[in-house]
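The report that follows is written for someone meeting this structure for the first time.

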Amino acid sequence: MNELKFKEGQLLAYGTNGVCIVDEIKPVRLTSEMPENYYVLRQLRDEDSRIFVPVNNERLTSKMRQLLTSEEIHQLVLKVNDDKFEWVKDRRARIEEFKNILAGGVSLELVRMITCIRERIADLDKDGKKLPVTDANTLKAAERLVDEEFSYVLKMETNELRKYLKKTISSGS
């Protein structure tokens, strides 16, 4: 067996599934072939969920990563205003770009996207308009990922985290 990237009991982020714990690493037989070793992940927000990731599947294991540290989170938040994310007017292009950013999990681009969508909501509110449902759903999914990982690492409740993010992003410090 190849060297394992993660160990049982380790916390990690897995793509758009959020914060997970490696419950176990075990052989699983999904076909009539020989059993293959799998990481068995459990989402922190859903104790009953199980995600099976083949240990030797580079495409799927590349979605597994260490959680950000509190310092990495703070540095990421400080960089949000360095290069603003521009609203993409073409709906199809925007949906595709948002989908790709969301698929990458928590990142600087994801936080910039959230900030951009929030600014768009504020602009639309001035005109008495609403955000399209697809954009609202993207925002909800993105905020869930950020809230989950940042809250866990920073040991903050969601409302406290949102205040921290708003204050830090708006002041840039």
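Predicted model: local features only at pLDDT ≥ 70, side-chain atom pairs only at ≥ 80, totals over all residues.

Which residues form one aromatic cluster? The cluster is made up of Phe85, Trp87 and Phe98. Residues are numbered from 1 along each chain as its sequence is written, and side-chain values use heavy atoms, with hydrogens and water left out.

**The aromatic cluster**

A pair of aromatic rings is described by the distance of the centres and the angle of the planes. Here, rings of Phe, Tyr and Trp (for Trp, its six-membered ring) pair if their centres lie within 6.5 Å, and the planes count as stacked when under 30 degrees apart, as edge-to-face when over 60 and as tilted for the rest.

| Pair | Centre to centre | Angle between planes | Class |
|---|---|---|---|
| Phe85 and Phe98 | 6.0 Å | 35° | tilted |
| Trp87 and Phe98 | 5.9 Å | 70° | edge-to-face |

Trp87 lies in the loop between H2 and H3, so its pair with Phe98 of helix H3 ties together parts that are eleven residues apart in sequence. Helices (H or I, at least four residues) and strands (E, at least two) are DSSP runs, numbered from the N terminus.

Buried means under 20% relative accessible area, exposed over 50%, and partly exposed in between, with a 1.4 Å probe and protein chains only. By this rule Phe85 is buried at 10% relative accessibility, Phe98 is buried at 1%, and Trp87 is buried at 19%.

**Helices H3 and H5**

Two packed helices are described by the angle between their axes and the distance between the axes. The axes of helix H3 (residues 91-103) and helix H5 (residues 133-154) come within 11 Å of each other and cross at roughly 15°, which makes H3 roughly parallel to H5, a term for angles under 35 degrees. These axes are lines fitted to C-alpha atoms over the stretch in contact, and the angles run from 0 to 180 degrees between N-to-C directions.

On the side of H3, the contact (heavy atoms within 4.5 Å) is made by Arg91, Arg94, Ile95, Phe98 and Leu102, and on the side of H5 by Thr134, Asp135, Thr138, Ala141, Ala142 and Leu145.

Asp135, found in helix H5, is buried, with a relative accessible area of 0%. Not counting residues up to four places away in sequence, Asp135 touches Trp87, Arg94, Phe98 and Ile117.

**Two further residues**

Lys130, in the loop between helix H4 (108-126) and H5, counts as exposed at 72% relative accessibility. Lys130 and Arg120 are ten residues apart in sequence and 9.5 Å apart in space, C-alpha to C-alpha.

Is Tyr14, in contrast, buried or exposed? Tyr14, found in strand E1 (residues 11-14), is buried, with a relative accessible area of 7%. Not counting residues up to four places away in sequence, Tyr14 touches Cys20, Leu41, Ile51, Val53, Leu60, Lys63 and Met64.

Terms used:
Parallel < 35°, antiparallel > 145°, perpendicular 65-115°, else oblique.
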